[in-house]
Amino acid sequence: MAETLSAEAKALIDRPNFAHLSTLMPDGSPLSPPVWVAREGDRLIVCTSEGSLKGRNTKRDPRVALSIVNFGNPYEEIQLRGGVVERRP
């Protein structure tokens, strides 16, 4: 079941802050590259190609974690865990 994002989380997501998306490699080790994120309501959008390493990882195993840090205050951050629920071309 989807969680509702707090106002603070939405503010961090909506501003131009850096995010790191963690996916799982085939051997179970983590991959955590920086990504840009956007939001549609309480769903997060991560733009990547199907052929990228993170795209291939999430196709095999949809579990992900995302951390976003406030560019102006690195002590303000959020950490989210969930799974890929939709893929778009």
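Let's start at L5, which is in contact with K10, I13, R39, G41, D42, L44 and L80 once residues up to four places away in sequence are set aside; contact here means heavy atoms within 4.5 Å. Please keep in mind that this is a predicted model, where local features need pLDDT of at least 70, side-chain atom pairs count only at pLDDT 80 or more, and totals for chains, interfaces and linings use all residues. Residues are numbered from 1 along each chain as its sequence is written, and side-chain values use heavy atoms, with hydrogens and water left out.

L5 also belongs to the largest nonpolar core, which has 12 residues: L5, A9, L12, I13, A19, L21, V35, V37, V64, L66, I68 and I78. Such a core is a set of buried Ala, Val, Leu, Ile, Met, Phe, Trp, Tyr and Cys residues joined through side-chain atoms within 4.5 Å. Buried stands for under 20% relative accessible area, exposed for over 50%, and partly exposed for values in between (1.4 Å probe, protein chains only). At least two residues of this core come from each of α1 (7-14), β1 and β6. The elements are DSSP runs numbered from the N terminus, with helices (H or I) of at least four residues and strands (E) of at least two.

Now let's turn to the aromatic residues. Rings of Phe, Tyr and Trp (its six-membered ring) pair if their centres lie within 6.5 Å; planes under 30 degrees apart count as stacked, over 60 as edge-to-face and the rest as tilted. The count comes to 2 aromatic pairs. In one, the ring centres of F18 and W36 are 5.6 Å apart and the planes stand at 35°, so this pair is tilted. It links distant parts of the chain, with F18 in strand β1 (residues 18-24) and W36 in the loop between β3 (34-35) and β4 (37-40), 18 residues apart. F18 is partly exposed at 43% relative accessibility, while W36 is exposed at 53%. F18 also pairs with F71: their ring centres are 5.8 Å apart with planes at 55°, so this pair is tilted. F71 is exposed, at 62% relative accessible area. F18, W36 and F71 form one aromatic cluster.

Beyond four places in sequence, N57 touches T23, L24, M25, P26 and L31. T58 is also found in helix α2 and is buried at 9% relative accessibility. Leaving aside neighbours within four places, T58 contacts T23, V64, V84 and R87.

Finally, look for the largest pocket, which holds about 1000 Å³ of space. Its lining has 32 residues, with L44, I45, G83, V84 and V85 nearest the centre. β5 (43-46), α2 (53-60), β6 (63-69) and β7 (77-83) are the elements that give two or more residues to this lining.

A pocket is an open set of points on a 1 Å grid over the protein atoms alone, where a 1.4 Å probe fits, with protein on both sides within 12 Å along at least five of seven lines; lining residues have an atom within 4 Å of a point. Grid points are joined across faces, edges and corners, and the volume is the space filled by probe spheres set on the points.
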